[in-house]
Structure formats: C-alpha cells, structure tokens
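Here is a short report on one protein model and the ligands placed in it. Please look through the sequence and the structure before reading on.

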Amino acid sequence: MSTATPNASSDVLDFVVHKANGLKGLVDTGLQSLPRQYIQPPERRLHASQVISQESIPIIDVSNWDDPQLVESIFEAASKWGFFQIINHGIPQEILDHLQDAAHGFFGLPNEERKKFWKGKSPTDTAFLATSFTPLKEKVLEWKDYLSFRYIPGDEKSQTLWPSVCKDPVLDYMKRVEMVIKKLLELLLTKLNVREIDKEKEYALMGSLTINLNYYPHCPNPELVTGVGCHSDISSITVLLQDDIGGLYVRGIEEDSWIHIPPVNGALVINIGDVLQIMSNDQYKSIEHRVVANGSKNRVSVPIFVNPGPDALIGPLPEVLETGAAPRYKPILFSDYFSYFFSKGHDGKNSINYAKI
Ligand SMILES: CC(C)(COP(=O)(O)OP(=O)(O)OC[C@H]1O[C@@H](n2cnc3c(N)ncnc32)[C@H](O)[C@@H]1OP(=O)(O)O)[C@@H](O)C(=O)NCCC(=O)NCCSC(=O)/C=C/c1ccc(O)cc1
Ligand SMILES: O=C(O)CCC(=O)C(=O)O
Ligand SMILES: [Fe+2]
C-alpha cells in the first residue's frame, strides 16, 4: 500500500520529495486540484500571445555526414537558433520506440518499486529518480519527475543495478547515439577551426554523459504550472528524443517570443549548451527553452546531456581566438559551473554570467 495522501498543502513537499513519492505519486493519489507549491506566478507562465507560429527551427537531414552542405546547415542553425532537429540519423525507429516505452514502463511501476531508486537511496550511484529541478531551493516546483543515468561507455559493472524495466533500451540507444554525438561535435568544431578532436578536447566536450527519462504527468491545470522553467542547458550539446505530444518551446529572436518545436517522428532535437557557447566565444548560442505541461496526456522525453568531464577547464578555444577576437569568458572548472547551476532554481540564461569576463 502506498503512503497516505497529503491533506494539508504544507505536506506536499514532504510527500513528493522527502517521502520519495515524486510528482507521479502525488498525481496517482487522484489529485483534483493543484497544490499551491506548483502554481507559477503569471510572469513565469507561457501565454498564447507570446507564441509565434510563423517561425520554426531547422530540420536537417544527416543521411550523408560527408555532404559539404551539411556542415554549413548545422553551423547556421547552431549560430542563429541554437536548436535544430535531425532526421535520417540511422538509429532504428524500434530503438527509439523501446526507449519511450521504457520511460512509461518505469513510471508505470508500483510506487514502492519506483521509490527504491530515489535520489540518495538508490542502490547505484549511476541511476537515481528525482523530481522538479532543485526542489529544496525553488520557489515553485516544476511539473516533472525524471530518472537519471550516468553512462560510462563499456563499464557494465556500473549498470548492473539499473532498473531492469529500462536498462536494455537505455543501453541500446546509448550505444547507437554515441556516433551521432561524435559526428555532430566534429562538424560543429570544424567550423571553429578545430581540425582534430584530441583526447583533451574530447574530455572537455563529452567527458561525461547523462541520460534522463523525463516524465511529465497530465495536469489538471496545465496553464498554471511549468513542466520545465526557462533555462539554457549547461552541456556542450543536448540530444533530445521527444514523444508525439509536444510542449517544448524555444525562445525566438523577437522580444519575449517563443517557438514550438513540433514533434517529428524519428527526429532528434539537438541544442547547443552553455559550454559550447563559451568554447565558441558566442559563435554558437545556448538558447533558452521551456516545457509546458499537458492537460490530458503523460508526456515523456529523453535528453542526453553531453557534458565535459568534471575536471575539464572550459573557456574560449585557442582556435577561436586565433583571429584576434577578445575572449568573452574566463576559464572555469566544469564541476564548479555544474554546482552553481544546481545551487538555484532555473533562471533563464543567467547561469552563463558566472563565466563572463
Ligand atoms: C551537487 C548537487 C547538484 C547539489 O548537492 P547538495 O546541495 O548537497 O544537495 P543534495 O543533492 O545533497 O540534496 C539535498 C537533499 O535534497 C534531495 N534532493 C535534491 N534534489 C532533488 C531532486 N531533484 N529530487 C529529489 N530530491 C532531491 C537530496 O536527495 C537530499 O535529500 P536528503 O539526503 O534526504 O537530505 C547534487 O544534487 C548533484 O550532484 N546532483 C546531480 C544532478 C544531476 O546529475 N542531474 C542529472 C542531470 S545532469 C545535467 O547535466 C543537466 C541537468 C539538467 C536538468 C534539468 C534541466 O532542465 C536542464 C539540465
Ligand atoms: O522535455 C523536453 O522536451 C525538454 C527538457 C529539457 O529542456 C531538459 O531536461 O533540460
Ligand atoms: Fe533543457
């Protein structure tokens, strides 16, 4: 039998976070109205008038990685929008479908099974279940739970205690997507005058890979909450698989405008993170994005945060500064930047100021 339903609104944080029930556990109590902990102030809600439907981010066919036009398309998209979708990347649809099924499978487990993996109690340090973003520091909670994996290629031992309902689909996907990540980084770095990604650069670009299974339960009042608040990712790049529900918005060029990223079957959404904006000295843009909750459906998405290793020193690349451009960022240790990002709630594009000169 699961834990009792929270009856006073002050019990919500205790029920969701400390008692490890997560948002899914709360929704499963048969929630009729929204607890105040989830109600965003009006300025943090997305209003229909802010959404621009004439604009869209590029969809890029990557079936031929050697096509000279491809590097140009990716360069343009990463410089202008910071976001693009890729199609014909070679990862079979079946692998993507199994991954999404695995996310639904895990969050469909009985509460007692799920909570064994709760952050701080999980039997493995490479997989944990969590909620919102920084629930003990945020003013208002985000309408989201997630299961996070640290993926260490080839290290099967670290994966033995992963939840059996999603272990194989996650590993099958990671094995296939690694090549796509490398190709994308190669092309992005080529246009920054980097001829070869040596071991040091590889560590700074992709020394640590995190894959999250995000779960956004249906919400009784979706317009009052946020699935994920406005933020830019701190990664070098993020590779995101979304399902067919929609709800991901990216900041547009015009003042306070937002553009929907429509689900495209089989596509992966790629976005530039702060680390690549810093390394490229602002050539590439790490653009803010947010997720809106859904009134009737449970949405899943699967981001891979391609992060530097913790000891990597991140700053504008020497190859970028060869032209005589002044560096706009000082070198920072990635682990310091990571801790700073997680020391507060999502706050738009403010994190990158931490590294600005
Ligand atoms: C160094 C951190 C960031 C902070 O440490 P701390 O300040 O000492 O706080 P604690 O982590 O010890 O948390 C205090 C308590 O709150 C709990 N807690 C604390 N966050 C939670 C929680 N999200 N749920 C559920 N209980 C929690 C935590 O379990 C603990 O509970 P307890 O031991 O019972 O007191 C630490 O939490 C940490 O390493 N977190 C890892 C975060 C992580 O790897 N996330 C996976 C993604 S990594 C990434 O690259 C990008 C992420 C990202 C993600 C979302 C985006 O939109 C964009 C980007
Ligand atoms: O769920 C999504 O579509 C995006 C999630 C996201 O931005 C993140 O986890 O950083
Ligand atoms: Fe994000």
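This is a predicted model: local features need pLDDT of at least 70, side-chain atom pairs count only at pLDDT 80 or more; totals for chains, interfaces and linings use all residues.

Residues are numbered from 1 along each chain as its sequence is written, chains are lettered from A and ligands numbered from 1 in the order written, and side-chain values use heavy atoms, without hydrogens and water.

**The iron ion**

The iron ion is ligand 3, and its protein donors are His231 (NE2), Asp233 (OD) and His289 (NE2). They lie 2.1 to 2.2 Å from the ion. Donors here are N, O and S atoms within 2.8 Å of the metal (3.2 Å for Na, K and Ca); water is not among the atoms, so sites may look incomplete. Along the sequence, the donor residues follow the spacing H-x1-D-x55-H.

Are His231 and Asp233 buried or exposed? His231 counts as buried because its relative accessibility is 7%. Asp233 counts as buried too, at 4%. The cut-offs are under 20% relative accessible area for buried and over 50% for exposed, with partly exposed in between (1.4 Å probe, protein chains only).

UniProt, in an unreviewed entry, lists residues 207-308 as "domain: Fe2OG dioxygenase". Such annotations may be inferred rather than shown by experiment. The span is 6% helix and 42% strand, and its end C-alpha atoms lie 5 Å apart. Helices (H or I, at least four residues) and strands (E, at least two) are DSSP runs, numbered from the N terminus.

**Ligand 2**

The shell around ligand 2 has 13 residues, and the closest are Tyr216, His231, His289, Arg299 and Ser301. A residue is near a molecule if one of its heavy atoms lies within 4 Å of it. Side chains of Tyr216, His231 and His289 each place a polar atom by a ligand oxygen; the table gives the distances. The protein buries 95% of the 290 Å² that ligand 2 exposes when taken alone. Accessible areas come from the Shrake-Rupley method with a 1.4 Å probe.

Which strands build this shell? β5 (208-216), β11 (289-291) and β12 (299-307) each supply at least two residues. β12 has the largest share, with four. By class, the shell holds six nonpolar, four polar and three charged residues.

**Ligand 1**

Ligand 1 has 24 residues around it, and Lys119, Thr131, Asn307, Phe342 and His346 come nearest. The table lists polar contacts, which are pairs of N or O atoms within 3.5 Å.

| Side chain | Ligand oxygen | Distance |
|---|---|---|
| Tyr216 | ligand 2 | 2.6 Å |
| His231 | ligand 2 | 3.1 Å |
| His289 | ligand 2 | 3.1 Å |
| Lys119 | ligand 1 | 2.8 Å |
| Asn307 | ligand 1 | 2.7 Å |
| His346 | ligand 1 | 3.1 Å |

Taken alone, ligand 1 exposes 1,100 Å², of which the protein buries 67%. Two or more shell residues come from each of β3 (127-131), β4 (145-151), β5, β6 (228-231), β12 and α10 (334-341). β3 gives the most, with three residues. The shell has 13 nonpolar, seven polar and four charged residues.

**A loop residue**

Ala312 sits in the loop between β12 and β13 (313-314). At 4% relative accessibility, Ala312 counts as buried. Ala312 and Phe334 are 22 residues apart in sequence, yet their C-alpha atoms are 5.7 Å apart in space.

Methods
A polar contact is a pair of N or O atoms within 3.5 Å; within protein, one must be able to donate a hydrogen and the other to accept it, and residues adjacent in sequence count only if both atoms are side-chain atoms. Ala, Val, Leu, Ile, Met, Phe, Trp, Tyr, Cys and Pro count as nonpolar, Asp, Glu, Lys and Arg as charged, and the others, Gly among them, as polar.
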